[in-house]
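Visitor: I am new to this structure and would like to understand the words used for it. Could you show it to me and then take my questions one by one?

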Amino acid sequence: MTTAKVLVLSGVLIALAASGWAVPKSGAAHLPLHRAIISQSSTGKASATSPRSVRFREAKSRGLLTGAWFNDRGPFTVAIDTGAGITIISARLARDTGARGLKNRSMQIAGLSGREVTAHEAMIDKIALGDRDNLMPRALRVLIAPQLPEGVDAVLDPTDAYAPLGYSIDLPQGLVSAFDPVNNGINRNRPPREGAVVAWLRDGQGSRPFVRLSDGKKALIDTGSHFGLAISNAGSSEDYRKARLSSDVGGGTIGSRRVAPITVSIGDLVLRDVPTDLLDGVEKGAPVILGRDALYPFRLTFDPLHRLIEIVPSRHDN
């Protein structure tokens, strides 16, 4: 059996009464006028059909939810999670859709606490979002997790699912859209009137989107997390007892405490009064997280070709 360890530092983090969840890492709508949905390829010929824009709804404890079809079966409920690093499906979804397991391939995945659990690799031939005919560009390698939060059938990593396309997530409008980064990619020399264009940093070999904060730290843009700015805390046991407890994907327990808001900068963008959370019980090396409570006012655009991220107030065009 081929086994690798995948560290799951963030993702769909649910805080129920005493339990929650986090996912792995591996690795007719309002759209920006300068970044329209795919029209032509660099050769001047029509590109492959781009997926249409998809509406999602936010569930505080489960993430950005929409319907999806896997291998023409569905709809299933998926959470759109930029912090996942790979798409993760439930055992039931794998069984019901005939997901092709990869023989003798498994991974040890660990949550924020560092506790590990085994997940098996599989291939999904077709994924559609929003409706049965709105197909993603390619087949996907996925992980089959032992458990997912109640009401969630899969956690969809959009960087992986939309590749090689770029995509935009408008949090206030509840909309995810695709674009062609070859012809309509982000131009760092044409920054928006508001907001910022910043480098898409990586963490090791993974593709999860990190940005550099004004204090020099890297922060993960994580639409799967309900946190604001989440920072690991070397707190006392007394602090931990006061925390809101959650369980991660490995079954470990972490705590979070909302503290006084702070001001942070990402490139030219200054975020004031950002909701801030301290995390207790997390594994050493866990990154700073920018979750939905910090990102909600914005439309986030991810350009994997130029490795750039644009962050602008929703409904703002250049």
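Visitor: What makes glutamate 58 buried, partly exposed or exposed?

Guide: This is a predicted model, in which local features need pLDDT of at least 70 and side-chain atom pairs count only at pLDDT 80 or more, while totals for chains, interfaces and linings use all residues. Residues are numbered from 1 along each chain as its sequence is written, and side-chain values use heavy atoms, with hydrogens and water left out. Buried means under 20% relative accessible area, exposed means over 50%, and partly exposed lies in between, with a 1.4 Å probe and protein chains only. Glutamate 58 has a relative accessible area of 40%, so this residue is called partly exposed.

Visitor: How do you know that arginine 292 forms a salt bridge with glutamate 58?

Guide: A salt bridge is a side-chain nitrogen of Lys or Arg within 4 Å of a carboxyl oxygen of Asp or Glu. The closest N and O atoms of arginine 292 and glutamate 58 are 2.8 Å apart, so the pair meets the rule. The pair links distant parts of the chain, 234 residues apart, with arginine 292 in helix α5 (residues 292-295) and glutamate 58 in strand β3 (residues 57-59); helices (H or I, at least four residues) and strands (E, at least two) are DSSP runs, numbered from the N terminus.

Visitor: Why is arginine 292 called buried?

Guide: Its relative accessibility is 3%, which falls under the limit for buried, and therefore the word applies to arginine 292.

Visitor: What makes the contact of aspartate 72 and lysine 126 a salt bridge?

Guide: Their side chains meet at 3.1 Å, N to O, which is within the cut-off, so the contact counts as a salt bridge. Aspartate 72 lies in the loop between β4 (63-70) and β5 (73-80) and lysine 126 in the loop between β8 (116-124) and β9 (127-129), so the pair ties together parts that are 54 residues apart in sequence. Aspartate 72, at 38%, is partly exposed, and lysine 126, at 34%, also counts as partly exposed.

Visitor: How many salt bridges does the rule give?

Guide: The count comes to twelve, and Arg92, Arg95, Asp96 and Asp153 are linked in a network of salt bridges.
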